[in-house]
Amino acid sequence: METIIRLNSQTAGRDKTARLIQYLCKAIWDTLEANDINSNLIDQLRTFELSLSTFRKTLRLGKCVDVFYSSLASLHYEDAVVRATVTLSKLASSMFLFCDHVIWFARTGFIKRIDVDKWNKLSNKYWLFSIVMNLLRDFYEIRRLLQQQPMKKLSCGSPRDFLSMPMEALKCICAHKPIMLDTIRNLCDLLIPLNGLGFARLNPRTIGLLGFISSVVGLMALIEPTAKLSPA
């Protein structure tokens with residue numbers, strides 16, 4: 001109960017909780033539709049998913065300014081790769097949120113004659129760029145992590161030793177929760193804008209499951225701050 005209260009007291013916590021339910025609804029209604037089960041429930045889940053999407057856009061209103069300002073602080077990071085990837089990711093995320101705000105204004109009818117499809121594609125492009133920068137940072141952190149670990153040397157080129165090295169590397173990555181969780185979250189999220197831009201062809205059920213997994217990982221980082229990759 002304390003965890004639920006702590007999440008509900010944060011805007012980010014409410015947003016990620018709503019995101020989890022939103023993508024879960026997408027996965028469920030597509031599964032029901034594929035099996036031609038309960039058309040009324042399908043319509044209700046679709047409507048609820050759209051309502052949660054609008055709710056999340058309302059929660060994030062004005063956040064583009066906060067994210068842009070935070071990108072200025074990341075310019076002072078000592079490591080050049082972390083500095084570049086984090087800063088570019090935040091700038092792209094800020095532009096993604098700005099596009100998201102425009103879409104919200106169009107949905108509410110406050111601003112008319114807005115090409116929502118155009119702004120959706122633009123927001124997906126910025127989101128995709130942000131995720132790519134995050135993944136580059138993740139891979140860089142993984143590389144640094146593996147370089148710091150004493151990996152077992154090959155003995156006479158034994159195939160068994162050769163095959164054991166990826167397993168050692170995987171165990172090493174899994175032992176460092178912040179890097180592991182951040183990589184999983186970004187890999188799941190990567191396919192969502194790719195699908196939105198037409199570079200991938202995924203059904204709503206798959207998108208829903210990917211979004212659900214990345215939302216769970218995001219919530220884990222909020223619940224347990226030590227599980228969040230730093231600096232961020």
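Is Asp36 buried or exposed? In this predicted model, Asp36 is exposed, with a relative accessible area of 72%. The residue sits in the loop between α2 and α3, the latter spanning residues 39–59. At 44% relative accessibility, Asn38 counts as partly exposed. Most residues other than glycine have a negative phi, and most peptide bonds are trans. A cis peptide bond is found between Ser230 and Pro231, with omega at about 0 degrees. Pro231 belongs to the segment after α9.

The overall fold is helical in its secondary structure. The protein has nine helices and zero strands. From the N terminus on, the elements read α-α-α-α-α-α-α-α-α. Along the principal axes, the C-alpha atoms fill a box of roughly 65 × 50 × 40 Å. Of the 232 residues, 38% are buried. Among contacts with a separation of 6 or more, 72% involve residues 24 or more positions apart. The protein exposes about 13,800 Å². Carbon and sulfur atoms supply 63% of that area. The side chains include 30 positive and 20 negative ones. The centres of the two charge sets lie 3 Å apart.

Arg19 is part of helix α2, which covers residues 11–34. Its relative accessibility is 9%, so Arg19 counts as buried, the cut-off being under 20%. A polar atom of the Arg19 side chain lies 3.2 Å from the backbone oxygen of Gly211. Gly211 is also one of the residues that Arg19 touches, once residues up to four places away in sequence are set aside.

Helix α4 runs over residues 63–73. Within α4, Cys64, Val67 and Ser71 are buried. Seen down the axis of α4, its buried residues fall within an arc of 65 degrees, so they line one face of the helix. Val65, Asp66 and Tyr69 are exposed on the other side of α4. The cover over the buried residues of α4 includes α5, residues 80–108.

Ile142 is located in helix α6, residues 116–148. With a relative accessibility of 14%, Ile142 counts as buried. Beyond its neighbours within four places in sequence, Ile142 is in contact with Ile173, Ile179 and Thr183. Ile142 and Ile179 are 37 residues apart in sequence. Their C-alpha atoms are 7.1 Å apart in space.

Pro204 lies in helix α9, which spans residues 204–223. Its relative accessible area is 27%, and Pro204 is therefore partly exposed. Excluding residues up to four places away in sequence, Pro204 touches Lys26, Ala27, Trp29 and Asp30. Pro204 and Met1 are 203 residues apart in sequence. In space, the C-alpha atoms of Pro204 and Met1 are 32 Å apart.

Definitions and conventions: Residues are numbered from 1 along each chain as its sequence is written. This is a predicted model: local features need pLDDT of at least 70, side-chain atom pairs count only at pLDDT 80 or more; totals for chains, interfaces and linings use all residues. Side-chain values use heavy atoms; hydrogens and water are left out. Helices (H or I, at least four residues) and strands (E, at least two) are DSSP runs, numbered from the N terminus. Buried means under 20% relative accessible area, exposed over 50%, partly exposed in between (1.4 Å probe, protein chains only). A polar contact is a pair of N or O atoms within 3.5 Å; within protein, one must be able to donate a hydrogen and the other to accept it, and residues adjacent in sequence count only if both atoms are side-chain atoms. Contact means heavy atoms within 4.5 Å. The arc is that of the directions from the helix axis to the C-beta atoms. Accessible areas come from the Shrake-Rupley method with a 1.4 Å probe; for residues, only the protein chains shown count as cover. Lys and Arg count as positive and Asp and Glu as negative; His and the chain ends are not counted. The place of a charge is taken as NZ of Lys, CZ of Arg, CG of Asp or CD of Glu.
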